[in-house]
Amino acid sequence: MDAFTAFNVTPADQQQLHDFFPDLYEAPVFYDTEQLLDADPNDTLDTVFLQRNDGVHAIYPGSHVALYGEPGSGKTMLAKFATMQALNAGYKVAHIDIDDNRKEIVAHDVHKFGAHRDKMLAQWRLAQPDSIDRLNSLWERLIADEYSLVIVDSMASLEGLTSADANMGLDFVQRIYLPYIKRLMNAGCAVISIDHTGKDRERKGAMGSTQKLAKSDLAIHVVLPESGEGLVPGELGTVALYIDKDRYGVTKANSQLREYRAGHMRSFWGTFTIPATGLHQATIQAPSKNATNKVPYNYR
């Protein structure tokens with residue numbers, strides 16, 4: 001006899017309790033062990049977004065990608081580059097710009113990278129939610145319309161909008177990860193959350209709670225050259241891309257060069273370059289197959 005029966009709680013009362021306190025009255029759901037054993041554990045490990053010049057991709061579908069680096073290192077430009085590739089491959093992409101960048105510039109940059117205009121008109125949307133109600137309404141739309149890739153720019157601004165304390169791990173999980181990021185992942189959407197590190201180049205991870213990395217499937221660190229110069233649209237610029245975390249191991253397996261620095265192992269995945277000729281010739285260069293086990297000499 002369960003507690004509901006012992007205290008003569010009616011089914012209607014049970015439903016009302018569930019509606020008011022879903023976290024307390026949600027029945028535990030276990031996965032079917034037979035289905036897990038019969039399934040192919042590798043059938044969801046293909047990478048489909050952020051392509052290098054050798055055809056290899058970095059990002060898994062339905063995953064959370066923490067994209068971080070110093071201010072001005074080119075994180076948003078890299079996200080726009082990934083957007084262009086995804087659109088031209090037929091995916092639906094949304095750019096959630098809570099940082100209030102110039103929306104016209106965001107659109108034109110994606111187009112200049114090489115996104116076809118008809119693809120953008122049909123499959124790309126930009127939103128700048130300025131309240132929690134608009135954010136929630138937007139999220140319902142993203143899930144209903146089955147977007148494949150969502151860019152969140154930036155995590156710090158999302159924390160401000162949701163009143164989440166970046167230094168409290170539980171706050172991040174309850175206010176951001178579960179209601180927003182995880183819901184998109186459950187719908188099969190990959191989420192790239194852009195965040196900042198401090199000026200300390202030896203530091204691993206984004207600002208605030210380590211939960212940001214703990215709740216990511218892939219962590220891409222955008223690293224400036226020692227000169228400190230990042231990417232400038234329309235001018236020569238190159239940054240290095242490191243994989244600090246890879247939950248499934250496929251992306252790191254395509255990172256031939258590894259380096260132990262600041263107490264952790266990181267893998268060099270390639271260099272993102274915008275040449276002087278413009279965004280349309282930007283590329284992610286894979287490490288040379290003949291390279292030794294050393295990262296680019298001019299990056300830290």
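At what angle do the axes of H9 and H10 cross, and within what distance do they come? That was my starting point for this notebook.

**Entry 1: ground rules.** I am looking at a predicted model, where local features need pLDDT of at least 70, side-chain atom pairs count only at pLDDT 80 or more, and totals for chains, interfaces and linings use all residues. Residues are numbered from 1 along each chain as its sequence is written, and side-chain values use heavy atoms, with hydrogens and water left out.

**Entry 2: the whole chain.** I found twelve helices and twelve strands; these are DSSP runs numbered from the N terminus, helices being H or I with at least four residues and strands E with at least two. Of the 300 residues in the chain, 46% are buried. Buried means under 20% relative accessible area, exposed means over 50%, and partly exposed lies in between (1.4 Å probe, protein chains only). I also looked up contacts, meaning heavy atoms within 4.5 Å. Among those with a separation of 6 or more, 71% join residues 24 or more positions apart.

**Entry 3: H9 and H10.** Back to my opening question: the two axes come within 11 Å and cross at roughly 105 degrees. Axes here are lines fitted to C-alpha atoms, for helices over the stretch in contact, and angles run from 0 to 180 degrees between N-to-C directions. H9 and H10 are therefore roughly perpendicular to each other. For the wording, angles under 35 degrees count as roughly parallel, over 145 as roughly antiparallel, 65 to 115 as roughly perpendicular and the rest as oblique. On the H9 side I noted Met155, Leu158, Glu159 and Thr162, which meet Phe172, Arg175, Ile176, Tyr180 and Ile181 in H10. By class, this contact has six nonpolar, one polar and two charged residues. Ala, Val, Leu, Ile, Met, Phe, Trp, Tyr, Cys and Pro count as nonpolar, Asp, Glu, Lys and Arg as charged, and the others, Gly among them, as polar.

H9 (residues 155-162) is mostly covered, with six of its eight residues buried. After H9 comes serine 163, with a positive phi near 60 degrees.

**Entry 4: H8 beside H10.** Which way does H8 lie against H10, parallel or perpendicular? The angle between H8 (residues 132-144) and H10 (residues 169-186) is about 10 degrees, with the axes 10 Å apart, so the pair is roughly parallel. From H8 the contact includes Trp139 and Glu140, and from H10 it includes Tyr180 and Arg183.

**Entry 5: H6 and valine 110.** I checked H6 (residues 103-113) and found Val106, Asp109, Val110 and Phe113 buried. Seen down the axis of H6, these fall within an arc of 100 degrees, so they line one face of the helix; the arc is taken from the directions from the helix axis to the C-beta atoms. Valine 110 has 0% relative accessibility. Leaving aside neighbours within four places in sequence, valine 110 is in contact with Lys80, Thr83, Met84, Leu87, Ala115, Met120 and Trp124. Just after H6, glycine 114 has a positive phi of about 130 degrees.

Entry 6: S8 (residues 218-223) pairs with S9 in the antiparallel sense over six bridges, where pairing takes at least two DSSP bridges. Alanine 219 stands opposite lysine 245 in S9. Nine of the ten residues of S9 (residues 237-246) are buried. Alanine 253, in helix H12, is exposed, with a relative accessible area of 57%.
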